[in-house]
Amino acid sequence: MEKSRKPILVSILCLVYNHEPYLRQCLDGFVMQKTSFAFEAIVHDDCSTDGSAAIIREYAGKYPDIIKPIFEMENQYSKGDDSLERIMYDATHGKYTALCEGDDYWTDPMKLQKQVSFLETHSDYTMCCHGAKNINFEKLVWYTQMNHDTPIAINKAIEMDGSSIPTLSIVYRSELQLGFLDFKKGISIGDYPLQIYCALKGRVMFMKDIMGVHTLGAKDSWHSTVAMNKDRYERFLMELFQWLDKVDISTDKKYHDSINFVKISKKLSQCIKTGNFSCLRFHDGLRYFMFKHSFKERIVLGLRIYYCNWLVDLYINKR
């Protein structure tokens with residue numbers, strides 16, 4: 001009861017859409033957190049058609065000081081106009097914002113305390129993230145992690161292309177939200193642009209601890225509806241490349257090599273999927289990929305392209 005009278009320090013943003021099979025684990029990960037500060041979980045149901053809303057209501061009834069539900073009558077994500085982000089941001093009260101979507105979950109009850117303690121004592125850092133266990137629809141398991149706590153520079157944040165920083169691990173300073181919406185205009189995803197934006201505005205810390213589980217391939221997830229659909233993924237790549245070009249110009253091309261690296265790695269990945277390599281012939285980005293990056297980086301990227309992420313972790317961490 002004493003916790004509820006304290007000012008909210010952290011707002012957890014939890015996006016839910018047809019996450020019924022995973023949602024209880026997700027919400028359990030919130031309510032089990034042991035902190036010296038008050039926090040809230042803004043659980044936004046984006047007009048789910050399964051039993052997600054009923055589960056949210058159940059948890060909101062049990063934990064009214066933590067679970068703060070929002071129920072939509074129409075799907076906001078499909079509007080593609082940042083309505084979803086604005087609704088969530090307007091509901092937050094914390095100095096810090098943590099992210100965890102309804103099909104992911106946290107496994108460490110000290111997760112928030114560890115990350116917030118770090119940010120409270122390192123004012124030059126805008127974001128803190130950590131390692132995670134990944135499980136896909138074929139029940140393959142691999143880990144996203146570092147050997148030790150590692151600062152992530154802006155060029156590295158760009159080259160990690162959003163896939164190496166688990167969204168469920170992110171805690172960032174809420175004051176960045178207003179500027180971020182302008183920064184991400186033109187792209188439908190939010191996690192990768194947020195990582196770049198935080199790295200542009202300060203420093204990013206990647207904690208080595210594995211404190212959550214990321215589920216790939218859940219029904220109606222971005223991975224299952226976009227990444228696994230050839231036409232939709234090709235449209236997404238076009239959108240991503242145009243947005244990266246805008247970032248390149250706005251930063252006076254300071255990170256042009258890193259942006260070029262991401263573009264060519266995405267193109268190569270798509271060529272492997274389709275078996276059509278014609279778009280890479282004589283492409284400047286291919287020469288950059290082959291000659292400017294080290295042999296180790298090319299091996300790591302190649303393995304990621306072939307979806308052997310567990311082998312990449314074995315190679316990087318020598319586990």
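Colleague: What does the secondary structure of the chain come to?
Modeller: This is a predicted model, and its chain has 14 helices and ten strands.

Colleague: Okay, and how much of the chain is buried?
Modeller: Buried residues account for 51% of the 319 residues.

Colleague: What about the accessible surface, how much is there?
Modeller: About 15400 Å² for the chain, with 55% of that belonging to carbon and sulfur atoms.

Colleague: If I look at contacts between residues at least 6 apart in sequence, what share joins residues at least 24 apart?
Modeller: That share is 78%.

Colleague: Let's go inside. Which residues touch the most other members in the largest nonpolar core?
Modeller: Those are Met127, Tyr172, Tyr192 and Leu240, in a core of 42 residues. Several elements give two or more residues to this core, including strand S6 (125-135), helix H8 (191-201), strand S10 (203-215) and helix H11 (256-274).

Colleague: And which element has the largest share of this core?
Modeller: H10 does, with eight residues. That helix covers residues 230-250.

Colleague: What is methionine 127 in contact with, leaving aside its neighbours within four places in sequence?
Modeller: Quite a list: Leu119, Ile165, Ile170, Val171, Tyr172, Gln195, Cys198, Arg203, Val204 and Met205. Apart from the core we were discussing lies another one, of 36 residues, and Phe30, Phe39, Leu112 and Met211 are among them.

Colleague: You mentioned Gln195. Where does glutamine 195 lie, and is it buried or exposed?
Modeller: Glutamine 195 lies in helix H8. It is buried, at a relative accessible area of 0%. Setting aside neighbours within four places in sequence, glutamine 195 has contacts with Met127, Ala157, Gly162, Ile165 and Ile170.

Colleague: How far is glutamine 195 from threonine 126?
Modeller: In sequence they are 69 residues apart, while in space their C-alpha atoms are 9.8 Å apart.

Colleague: Switching to helix packing. How do the axes of helix H2 and helix H3 cross?
Modeller: The axes of H2 (residues 20-31) and H3 (residues 52-62) come within 9 Å and cross at roughly 20°. Angles under 35 degrees count as roughly parallel, so H2 is roughly parallel to H3. The crossing is right-handed.

Colleague: Which residues in H2 and H3 meet?
Modeller: From H2 there are Glu20, Leu23, Arg24, Leu27 and Asp28, and they meet Ser52, Ile55, Ile56, Glu58 and Tyr59 in H3.

Colleague: Now the backbone. What is the phi of aspartate 161?
Modeller: It is positive, about 45°, although aspartate 161 is not a glycine.

Colleague: Why point that out?
Modeller: Because most residues other than glycine have a negative phi.

Terms used. Residues numbered from 1 in each chain as written. Predicted model: local features only at pLDDT ≥ 70, side-chain atom pairs only at ≥ 80, totals over all residues. Heavy atoms only, no water. Helix = DSSP H or I, 4+ residues; strand = E, 2+ residues; numbered from the N terminus. Buried < 20%, exposed > 50% of the residue type's maximum accessible area, 1.4 Å probe, protein only. Contact = heavy atoms within 4.5 Å. Areas by Shrake-Rupley, 256 points an atom, 1.4 Å probe, with all protein chains shown as cover. Core = buried A, V, L, I, M, F, W, Y, C linked by side-chain atoms within 4.5 Å. Axes fitted to C-alpha atoms, helices over the stretch in contact; angles between N-to-C directions. Parallel < 35°, antiparallel > 145°, perpendicular 65-115°, else oblique. Left-handed = near helix turned anticlockwise from the far one by under 90°.
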